[in-house]
Structure formats: C-alpha cells, structure tokens
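Trainee: I have this one open and would like to talk through how it is put together. Can we start with the strands and then move on to the cores?

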Amino acid sequence: RTAASQFFWSALTIREHLWQQRDFSGKLAAIRVRVEERSLPNWGRPVALLFQTGPAATLDVRTDTARQLEWLQREDPHYLLTHASNLGALAEQSLRRGIRLPRLRQARTFSEALRPALRDTVRAAWGVETADTYSCEEAGYIALQCPRHEHYHVQAENLVVEVLDPEGRPCAPGETGEVVLTTLHNFALPLIRYRLGDYAEVGAPCDCGRGLPVLRRIHGRQRNMLRTPDGRELWPSLPSSLWLDVVPLEQFQVIQKSIGQLEINYVMARDLTLDEQSRLATALTARLGYPFDFDWQRCERLERTAGGKFEDAKQ
C-alpha cells in the first residue's frame, strides 16, 4: 500500500459513515478478527481524526457466541460492526433467548457475502437495518451499500470494476458474472484486471442520484458456488430457519464433494436421528432445487478462516 491508497481507504470509510448518517456521538461495538477485548475512548482512525466520537469496544470474533451476546448486553452499543455470519448467529440467539439491544440503531457487516434472509433476521431480533460493505484485502473498498436501497455502489473514484461473463463480455443489469478489478491509486502494487474470484450481479442505475455503477447483489467466491448435475450454478442462502424448524443445530455447513453429493457438517450435542436427517434433506432439496445425496457429519466446532470468515457453503 501507499499513502495515496491509504488516503482513499480513509476517505471512503468516512463516506460510508456519512452516507448512512451515523451519529458519531454514539457507542460503537466491533466484533472482528485481529482485535482483543478492549474499551476505547473513540471510534479510532480515520473518524476520530475529523470528528468527536463516543466510545468504542472491541471483541475477538472467535469468542463463543453466547459470551459475545452477553458482552453486547453489557456494552449496550448504538452501532455494531461484525462479520455477516457472526451477525446472523447473534441475531438468531437473541431471538431464541428473547434478548434485545435497546440502544442499537444499525448493524454493519463486512468481509463475507450478506445473504438476503439475514436482513430480516436482524430486523426481527433488534428492529434495525443492516448496512453492508464489499471490500477485499488486495484493493480495499469495492462497493458500499446505497443508503436508500439494499444494492451497492461501486467506488469508481478508486478502482474500475468489471463484471464479466464466461466469454469475458461485460454483464448487463440482471446478469451475474466474475468480478475483475483495476486499482487506480495503489502505485506500490498496481492490480490490472485482477480476477478476485468473486461473483456479483449487475444492477440498473440507481435513483438516489449518486451516479455510481450498481451491483445488485454480491454472491461471493467461486469456491462458495454449488453446481447441480442439471448444469445450474448457485450460491445458496441457508437461513437458520431452514434447520431450526427441524432441530436446534448450533452450526451448519454444506460442502460439495462431488457433482451429486453434499456433505453436511453440523454442530449439536448429539447425532441427528434418521427422521431429522430426512426432514432436513427435504428442506435442503426444496431450497437448492435438486435432490442431492446427503452425507451427515457431526462436528465439535466449525472454524472460521484465518481472515475470520465462515463459509456456510463451499466446494
């Protein structure tokens, strides 16, 4: 990175806060990787360089979810920043236990693809909206959620984003393709038509007046794509209601071992019964649109990646 690329990262961080009209006097809680449990006097760089802010608190995302929720109750923040999968786990546990966060105004997510059902879960749990950001380690911010809609605006002042079909042609609105990046300000390590490995759906122009290109949805990495024997490709959304209506699993993950078989890893105190496996298989088949063969594997814990991500579906 260079000073120029760092400057744009700071500017786009401030832009995202201002777009979402956050009250800097509120308290920020961040549950993420590479942090310890700490109390801080302000929101940190770059916000605290320009504005007076309220306090902040941090917690490692690998902390047990039940303890995270207890920590959130104690901290009682106005804003919560965390990974999308972790936000889902917190919201689901809040719903099960009837826990509210009375001062919370907004949840913020990053690092992972945000599944549409998660927004509804957060609304049900805490009565707030979710603001998502699309970024990567190599290039920083790629797109920020529009403050009026759930789609994303490409940060075109800082990078060129192309969404290409398998023949390398630009996708039209409504089409999904591979994300290709060209950075504009990282002179130490320029990226030119860099294949990130992500897939996204192009959106139509937005009515908010910002004039920036639109991504309607971020699907995630190619490795999170499932393929069906009939030729379809999909990035499945697996909301907790899919399995909680059958059995109270703690974690759930789908791994495609072959074109017609899925390994289902789950965390629970006991093995699934044959009846529970059958009911879950029926729900998954309806969700995925294909009758895969399922191999059920009980695990002690499903770990996050080194970057703090949890992949609920992968090849």
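Trainee: How many bridges join strand β5 to strand β6?
Mentor: In this predicted model, four bridges join β5, residues 106-110, to β6, residues 129-136, and the two strands run parallel.

Trainee: And which residue stands opposite Glu129 of β6?
Mentor: That is Gln106.

Trainee: What packs on the sheet there?
Mentor: Helix α1, residues 3-19, packs on the sheet and touches β5, β6, β7 (140-145) and β8 (152-154), with its direction making about 15° with that of β7. Helix α4, residues 84-97, also packs on the sheet, where it touches β1 (28-32), β4 (79-83), β5 and β6, and its direction makes about 120° with that of β4.

Trainee: Stepping back, what is the strand order in the sheet?
Mentor: The sheet is open and has 12 strands in the order β2-β3-β1-β4-β5-β6-β7-β8-β12-β11-β10-β9, with mixed pairing. Because β2 (38-40) and β9 (159-164) each have a single partner strand, they stand at the edges, and one side of each is left without a neighbour in the sheet. From one strand to the next, the twist averages 35°.

Trainee: Switching to the cores, which residues have the most contacts inside the largest nonpolar one?
Mentor: Leu80, Trp126, Leu181 and Leu215 do, in a core of 42 residues.

Trainee: What does Leu181 touch?
Mentor: Leaving aside residues up to four places away in sequence, its contacts include Cys136, Ala139, Ile142, Leu159, Val160 and Val161, as well as Leu191, Ile192 and Tyr194.

Trainee: Which residues does the second core include?
Mentor: That separate core has 23 residues, among them Val254, Met268, Leu288 and Ala313.

Notes. Residues are numbered from 1 along each chain as its sequence is written. This is a predicted model: local features need pLDDT of at least 70, side-chain atom pairs count only at pLDDT 80 or more; totals for chains, interfaces and linings use all residues. Side-chain values use heavy atoms; hydrogens and water are left out. Two strands pair if DSSP finds at least two bridges between them. Axes are lines fitted to C-alpha atoms, for helices over the stretch in contact, and angles run from 0 to 180 degrees between N-to-C directions. Contact means heavy atoms within 4.5 Å. A nonpolar core is a set of buried Ala, Val, Leu, Ile, Met, Phe, Trp, Tyr and Cys residues joined through side-chain atoms within 4.5 Å. Buried means under 20% relative accessible area, exposed over 50%, partly exposed in between (1.4 Å probe, protein chains only).
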